[in-house]
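Morning, everyone. I will go through one chain, a few residues at a time, and give the cut-offs as they come up.

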Amino acid sequence: MKNTLWLLPLLVLFACNTGKEKDTAKQQLDRLAQQYVRLGLNIGQYDPDFVDAYYGPDSLKPAAKKDVFPKDSFLAEVATLQKALHDIASTTSNDTLRVRANWITQQLTAFGRRIRIFSGEHEAFDEESKELFGAVAPVYPEEHYRALIAELDSLLPGKGPVAPRFQQLANHFVIPADRLDTVFKTAIAEARKRTLQHYDLPSTESFTLEYVSGKPWMGYNWYKGKYQSLIQVSADLRIFIEKAIDLGCHEGYPGHHVYNMLLEKNLYHDKGWTEISLYPLFSPQSLIAEGSANYGIELAFPGEEKTTYTKNVLLPLAGLDTTGITTYFKALDIKGRLNYARNEVARGMLNGTMNDSTAVQWLLNYTLLNQEAAEKGLQFIRKNRSYVINYNYGQELIKNYIDAKSPAGQPEKRWEAFGYLLSNQITPADLIKAGAAK
């Protein structure tokens with residue numbers, strides 16, 4: 001015992017020095033996080049689609065912008081920040097600091113690519129999605145989609161081309177305009193109730209629901225901070241019954257509204273991580289956001305529960321007949337697998353191998369959109385480019401991640417894994433690694 005007493009002062013000194021090094025690295029990282037947010041807000045002055053949400057301090061907001069987009073200075077700042085973050089990540093022994101530094105670094109890679117896109121500099125589809133969203137979606141040949149269409153052909157009633165037969169079935173389940181608000185609010189309330197059975201959400205959380213027109217999307221969540229969202233639904237097209245649950249979960253519970261709330265509460269308010277207060281739309285964060293929002297539909301309404309709830313509750317509210325609803329939802333399952341065809345359309349358009357008329361025909365034939373929805377889909381791709389991979393490939397990666405983190409047959413474990421995913425700085429690389437290790 002006496003022989004070890006002389007070590008105590010050294011151990012105390014070592015612990016103090018280690019603590020000081022950690023504090024210094026954290027202070028440096030906090031400063032870099034503020035610079036990251038300030039840079040993103042500066043870019044957003046020029047690129048109106050850059051910032052999807054911001055709820056951080058007003059002191060980081062820019063005062064004014066220059067007349068000309070300062071592309072080179074923005075790119076130089078991206079490079080400088082990435083180098084400083086790399087130095088922290090490669091030297092710190094603190095796992096939390098390393099995760100934060102690497103997460104911001106990957107977001108900044110997307111900054112660089114979006115700056116170039118806004119300046120008119122484009123890469124091929126896969127290169128763009130890799131830099132923006134941290135992932136490259138798989139390529140499926142046209143035969144893959146033809147096989148799914150053949151599967152649908154054997155399911156749908158009647159004879160003739162599959163797309164019009166699917167539309168004929170779907171047209172039985174269009175929500176009347178005067179019932180739309182009631183049906184949507186009922187579906188969202190049910191999704192919220194199911195989510196609250198698993199998560200303690202902030203007591204002040206709420207959303208406002210609006211119906212809009214002239215948008216290239218079906219639904220959108222504008223997160224306002226302080227646990228408030230504006231959820232908009234595009235009502236200038238016919239809205240089919242399944243969209244009530246799909247959009248209610250995707251935009252609301254346990255999708256975008258819950259994701260943004262948990263990040264704001266757990267990382268921004270509880271831990272003080274400034275970087276979380278900025279949500280850049282074209283970034284790896286969107287693959288997590290869109291993929292988890294789509295997966296959240298299956299999580300909240302697993303198995304046959306979506307069909308059952310629609311049949312027993314939503315269709316009567318909409319004043320619609322339930323005949324054929326089971327077949328319709330089976331067809332929708334195949335349609336969901338056909339969604340990867342959107343990637344091929346976007347890939348072809350961005351790579352210059354598919355013109356607009358061919359793109360529309362693909363959307364009609366292989367995604368089973370009607371003509372008006374196909375035109376809107378084309379608008380979405382022109383505006384958002386490789387963003388389309390976040391919905392299908394993002395959902396696949398999220399599903400693989402949850403499967404790897406939770407035992408089969410234990411739904412509560414799936415909710416736990418999903419809650420962890422929504423509350424931490426998970427990257428697409430993390431999802432891919434977890435899925436590969438399954």
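I start with a side-chain pair: Glu344 makes a polar contact, side chain to side chain, with Arg347 at 2.8 Å. A polar contact is a pair of N or O atoms within 3.5 Å; within protein, one must be able to donate a hydrogen and the other to accept it, and residues adjacent in sequence count only if both atoms are side-chain atoms. This is a predicted model: local features need pLDDT of at least 70, side-chain atom pairs count only at pLDDT 80 or more, and totals for chains, interfaces and linings use all residues. Residues are numbered from 1 along each chain as its sequence is written, and side-chain values use heavy atoms, with hydrogens and water left out.

Glu344 sits in helix 14, residues 341–351; helices are DSSP runs of H or I with at least four residues, strands are runs of E with at least two, and both are numbered from the N terminus. Is Glu344 buried or exposed? Its relative accessibility is 10%, so it counts as buried; buried means under 20% relative accessible area, exposed over 50%, and partly exposed in between, with a 1.4 Å probe and protein chains only. Leaving out residues up to four places away in sequence, Glu344 touches Pro138, Val139, Tyr140, Tyr145, Met354 and Trp362, where contact means heavy atoms within 4.5 Å.

Next, a helix pair. The axes of helix 10 (residues 256–269) and helix 11 (residues 284–300) come within 9 Å and cross at roughly 130 degrees. Axes are lines fitted to C-alpha atoms, for helices over the stretch in contact, and angles run from 0 to 180 degrees between N-to-C directions. Helix 10 is therefore oblique to helix 11: under 35 degrees would be roughly parallel, over 145 roughly antiparallel, 65 to 115 roughly perpendicular, and the rest is oblique. On the helix 10 side, His256, Tyr259 and Leu263 meet Gln285, Ile288, Ala289, Glu290 and Ala293 of helix 11.

A cis peptide bond joins Tyr253 to Pro254, with omega about 5 degrees.
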